[in-house]
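Subject: Handover of a protein model

Dear colleague,

Please find below the sequence and structure that I am handing over to you. My account of what was found follows directly after them.

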Amino acid sequence: MKESLTGLEFAYGIPGTLGGGVYMNAGAYRSDLSRLIETVTILDGTQIRVLSKEEIGFEYRHSIFQKKKHWIVLGATLRLEKGDQEEIRALMDSRKQRRLTSQPVSKPSAGSVFRNPSIGSAWEVVDALGFRGKYCGGAKVSEMHSNFIINEEGKATARDVDTLIRSIQQAALKNWASS
């Protein structure tokens with residue numbers, strides 16, 4: 001924004017690193033990193049390599065790095081466009097406001113947990129399964145946005161979060177298999 005470059009507004013407020021974002025093709029608001037990436041520099045064992053966008057195999061929340069776990073993302077080249085700083089700022093502010101009003105950002109969380117299905121949204125599936133507000137130990141499916149698992153009282157363990165995620169997945173698979 002400070003340099004009047006547009007394209008990354010969707011990422012404003014998404015926690016994490018560029019490497020993590022490349023790994024899972026992070027995105028929001030119908031955009032993702034794959035739309036901006038030209039190359040990614042990796043460490044493959046002892047060799048530094050530069051991969052083209054095409055070699056990375058980006059898909060929705062997916063990249064080749066999920067199969068090549070020994071590769072380490074060192075950097076990325078992104079193509080941004082010149083834009084109007086005030087328009088960029090306004091879009092970033094609106095994204096921030098939308099997140100503040102629709103996501104449990106004031107609570108520690110595992111973030112947006114599930115990938116969206118091909119039709120609809122993950123939170124709709126979680127709601128349809130009856131998990132909104134459900135607990136497992138100290139982990140809770142957020143009542144504000146049910147695709148977030150929060151640590152509401154600061155007592156959740158990683159096992160609590162994992163168990164809750166697996167319970168939702170099992171219920172979804174069971175429901176899907178019976179329909």
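In what order do the three strands of the open sheet stand, and is their pairing parallel or antiparallel? The order is 5-4-6, and the pairing is antiparallel. Strand 5 and strand 6 (71–78) are the edge strands, each pairing on one side only. From one strand to the next, the twist averages 25 degrees. Please bear in mind throughout that this is a predicted model.

**The chain as a whole**

The protein chain contains five helices and eleven strands. Its C-alpha trace spans about 45 × 45 × 35 Å along the principal axes. Of the 179 residues, 31% are buried. Where contacts join residues at least 6 apart in sequence, 60% of them link residues at least 24 apart.

Strand 4 (residues 37–44) pairs with strand 5 (residues 47–52) in the antiparallel sense, over six bridges. Within this pair, Val 40 is placed opposite Leu 51 of strand 5. The hairpin that these strands form has two residues between the strands, and Gly 45 adopts a positive phi near 70 degrees there. Strand 4 also pairs with strand 6, again in the antiparallel sense, through seven bridges. Thr 41 has Gly 75 in strand 6 as its bridge partner.

**The nonpolar cores**

The largest nonpolar core has 13 residues, and those touching the most other members are Val 22, Ile 37, Val 40, Ile 56 and Phe 65. Strand 4 makes the greatest contribution to this core, with three residues. With residues up to four places away in sequence left out, Val 22 is in contact with Leu 33, Ile 37, Val 40, Phe 58, Ser 63, Phe 65, Val 73 and Ala 76. There is also a second, separate core of twelve residues, among them Ala 122, Val 126, Cys 136 and Ile 149.

Strand 8 and strand 11 (residues 148–150) are joined in the antiparallel sense over two bridges. In strand 11, Phe 148 is the bridge partner of Ser 112.

Arg 95 belongs to helix 3 (residues 85–102). What is the nearest side chain of opposite charge to Arg 95, and how far away is it? It is Glu 9, at 7.4 Å. A salt bridge requires a side-chain nitrogen within 4 Å of a carboxyl oxygen; Arg 95 has none, although it is buried. With its neighbours within four places in sequence set aside, Arg 95 is in contact with Glu 9 and Tyr 29.

Met 92 is also located in helix 3. Is Met 92 buried or exposed? Its relative accessible area is 15%, and because the limit for a buried residue is under 20%, Met 92 counts as buried. Not counting residues up to four places away in sequence, Met 92 touches Met 1, Glu 9 and Tyr 12. The C-alpha atoms of Met 92 and Ala 11 are 8.8 Å apart, while 81 residues separate the two along the chain.

**The loop between strand 2 and strand 3**

Tyr 29, a contact of Arg 95, is found in the loop between strand 2 (27–28) and strand 3 (31–32). Arg 30 lies in the loop between strand 2 and strand 3 as well. Tyr 29 is not a glycine, yet its phi is positive, at about 55 degrees. Arg 30, likewise not a glycine, has a positive phi of about 65 degrees. As for accessibility, Tyr 29 is partly exposed, with a relative accessible area of 21%. Arg 30 counts as exposed, at 79% relative accessibility.

With kind regards

Conventions
Residues are numbered from 1 along each chain as its sequence is written. This is a predicted model: local features need pLDDT of at least 70, side-chain atom pairs count only at pLDDT 80 or more; totals for chains, interfaces and linings use all residues. Side-chain values use heavy atoms; hydrogens and water are left out. Two strands pair if DSSP finds at least two bridges between them. Helices (H or I, at least four residues) and strands (E, at least two) are DSSP runs, numbered from the N terminus. Buried means under 20% relative accessible area, exposed over 50%, partly exposed in between (1.4 Å probe, protein chains only). Lys and Arg count as positive and Asp and Glu as negative; His and the chain ends are not counted. Contact means heavy atoms within 4.5 Å. A nonpolar core is a set of buried Ala, Val, Leu, Ile, Met, Phe, Trp, Tyr and Cys residues joined through side-chain atoms within 4.5 Å. Axes are lines fitted to C-alpha atoms, for helices over the stretch in contact, and angles run from 0 to 180 degrees between N-to-C directions.
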